[in-house]
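Hello,

Here is the structure I promised to hand over. My notes on it follow below.

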Amino acid sequence: GGVMKDFVKRCCGLLLALAVVGGGMSFPLPNDMPEAARACLVDLLFLITLWAGKVVPKPVAAVLATMMLYWLGAVDSFSTALEMYVSDIFFFLLAAFAIAAAVRKSPLPHRLLVWFIRHGRNSAKFLLLAFMVITALISTVISDLAACALFASILSPMLKRMPKDCKEARVFAKCVMMGIPMAALAGGIMIPIGSPSNITLLGLLRDSTQVDVSFLGWMVVGVPWGALCLVMSWGALCVFCKPHITGDMAKVFCMDMGRNVKITAP
């Protein structure tokens, strides 16, 4: 019964996707809209319908959408449709994702946190800045959301071990959890591989305006702006939230980080 129900659901999704294609291609065009633009829009709706209805696996749906570009007349040949997807931006993104996976698997974030905690455990503002700087640095090579998830997963157990009846502990925990996403966003704009949207934007800018921004050219503008956003975010948290940390709270960080990663003190 379950298999038949799933089969019927997939068939209905496929019929709906075909109906979207038929209806979209028969819909009258606006005066200034080219035929190729309508074909691309219909192909996008076709792909969304396949994904929403779970008609076929997502990789298969992507291949079908690529073939549909040729069948609908958006491109002259199937090879042209493939060339639109396989570009230097694609390989750039692939390399960025590989670097992100390597960073998440490595002990580098833990080691950086251990070093900063051991050298500034008596200052809440220094610790908050350290957490934000490390998050921003790691966010330059992995996506913003992945950086937030990585450091939230590292720091959340330690924050939970802090005294719950202590006001300073609650304020410091709030500052850390607000500072992590702020720092991740600041680090994501520093270099092109800091976010997939950066690389996509560079490709669109080059294709539409013939302006080619180099890796170093992006950093010349992105690093100062990212650092400025990072400092301003940290300053705002220190001014409005006034984080404070006690000796007992600092010991919790040192014990937990030492338990996770063994590192030789300099």
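Thr49 has a relative accessible area of 14%, so it counts as buried, the cut-off being under 20%. Please keep in mind that this is a predicted model. Thr49 belongs to helix α2, which covers residues 35-53. Leaving aside residues up to four places away in sequence, Thr49 is in contact with Gly13, Leu16, Ala17 and Val20.

Leu137, in helix α7, is partly exposed, because its relative accessibility is 48% and that class lies between 20% and 50%. Its C-alpha atom is 8.7 Å from that of Ala183, a residue 46 positions away along the chain.

On the cores: the largest nonpolar core holds 35 residues, and the members touching the most others are Leu113, Leu128, Phe131, Phe151, Leu155, Phe172 and Val176. Two or more residues of this core come from each of α6 (108-120), α7 (124-139), α8 (144-160), α9 (167-188) and α11 (215-241). Another core lies apart from it and has 16 residues, including Leu47, Val55, Ala65 and Leu69.

On confidence: the protein chain has a mean pLDDT of 79, with 82% of its residues at 70 or more. The pLDDT is below 50 over residues 258-266, a stretch that has eleven contacts in the model beyond near neighbours in sequence.

Regards

Conventions. Residues numbered from 1 in each chain as written. Predicted model: local features only at pLDDT ≥ 70, side-chain atom pairs only at ≥ 80, totals over all residues. Heavy atoms only, no water. Core = buried A, V, L, I, M, F, W, Y, C linked by side-chain atoms within 4.5 Å. Buried < 20%, exposed > 50% of the residue type's maximum accessible area, 1.4 Å probe, protein only. Helix = DSSP H or I, 4+ residues; strand = E, 2+ residues; numbered from the N terminus. pLDDT = per-residue confidence, 0-100. Contact = heavy atoms within 4.5 Å.
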